[in-house]
Amino acid sequence: MAEQQRKHPEVDAALGRRRTRLGTIWIVALLALPFAGLAVSAGAGLHPGVPLVITGPAALVGFVLISEMPTGRERGQTSGSLLTARTTTGPRTVDLARIERVRLLTSFSRGGVSDRVVLVRDSNGVLLGLREQTDVRRVRRALDRRAPNGGPPRVSGAAAAYLGMTPGGTARHTVLSWLATVLGICCYLGAVAVLARAV
């Protein structure tokens, strides 16, 4: 397995951008399925519960993929400043010497925080999520080496704290992320319920 992981080739930036867009399209499509199903049921005279039984699980998958789609499924491999990792839509390569933006994505489960992912976007427009601590340290070193004349990358406060670049922790980010997650799911389910009643 380790030998196979070392064989991932570097991915062209254009292909990486396509895979980034493809991941976004998949998520949006899955989350839109319940609304599309309800629209179809209205035209066909079906009970609104019928499409929801079919499309509801797809929407659940869409929520899960929000964090999983851009994230490397294994520790990345480096070649110079290039970091390559396999994602759900295929391998992507980000240039750590050309980091444009860094954010922190926090996911939750019934037990609390289930995952933290460092989302890195380079100047080529490729987005890659990194959860392995080895890769997280690579990002930190790359940010420390970033030349001032290259323009400072935009690093969110939560990402900077998680990377150990600023004092403090991620408690505020965690609370806000939890609230955003709960409110987002509630608003989404509310919109589906309103449309279902209208149908």
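Residues are numbered from 1 along each chain as its sequence is written, and side-chain values use heavy atoms, with hydrogens and water left out. Because the model is predicted, local features need pLDDT of at least 70 and side-chain atom pairs count only at pLDDT 80 or more, while totals for chains, interfaces and linings use all residues.

**Nonpolar cores**

A nonpolar core is taken as a set of buried Ala, Val, Leu, Ile, Met, Phe, Trp, Tyr and Cys residues joined through side-chain atoms within 4.5 Å. Buried stands for under 20% relative accessible area, exposed for over 50%, and partly exposed for values in between (1.4 Å probe, protein chains only). The largest nonpolar core has 19 residues, and those touching the most other members are Leu96, Ile99, Val102, Val118, Val139 and Leu163. At least two residues each come from strands S2 (82-87), S4 (99-109), S5 (112-122) and S6 (127-130) and from helices H4 (133-145) and H5 (157-162). Helices (H or I, at least four residues) and strands (E, at least two) are DSSP runs, numbered from the N terminus. H4 gives the most to this core, with 4 residues. Another core, of 11 residues, lies apart from it and includes Leu30, Leu38, Leu65 and Val192.

For Ile99, contact (heavy atoms within 4.5 Å) is made with Val120, Arg121, Asp122, Val139, Ala142, Leu143, Arg146 and Pro153, leaving aside neighbours within four places in sequence.

**Surface patch**

On the surface, Val175, Leu176, Trp178, Leu179, Val182 and Leu183 form a nonpolar patch with about 540 Å² of accessible area together. Patches are made of residues with over 30% relative accessible area and no salt bridge, with like charges joined within 9 Å and nonpolar side chains (Val, Leu, Ile, Met, Phe, Trp, Tyr) within 5 Å. Accessible areas come from the Shrake-Rupley method with a 1.4 Å probe, and for residues only the protein chains shown count as cover. Val182 belongs to helix H6 (residues 171-198) and is partly exposed at 31% relative accessible area.

**Thr71**

Thr71 sits in the loop between helix H3 (49-68) and strand S1 (77-79). Its relative accessibility is 0%, so Thr71 counts as buried. Beyond neighbours within four places in sequence, Thr71 is in contact with Arg86, Thr87, Val117, Gly129 and Arg131.

**Salt bridges**

A salt bridge is a side-chain nitrogen of Lys or Arg within 4 Å of a carboxyl oxygen of Asp or Glu.

| Pair | Closest N to O | Relative accessible area |
|---|---|---|
| Asp135 and Arg138 | 2.7 Å | Asp135 1%, Arg138 16% |
| Arg140 and Asp144 | 2.9 Å | Arg140 25%, Asp144 49% |

Glu68 lies in helix H3 and Arg131 in the loop between S6 and H4, so this pair ties together parts that are 63 residues apart in sequence. Asp135 and Arg138 both lie in helix H4, 3 residues apart, about one turn of the helix. Arg140 and Asp144 are 4 residues apart in helix H4, again about one helical turn. Salt bridges that share partners also join Glu68, Asp115 and Arg131 into one network.
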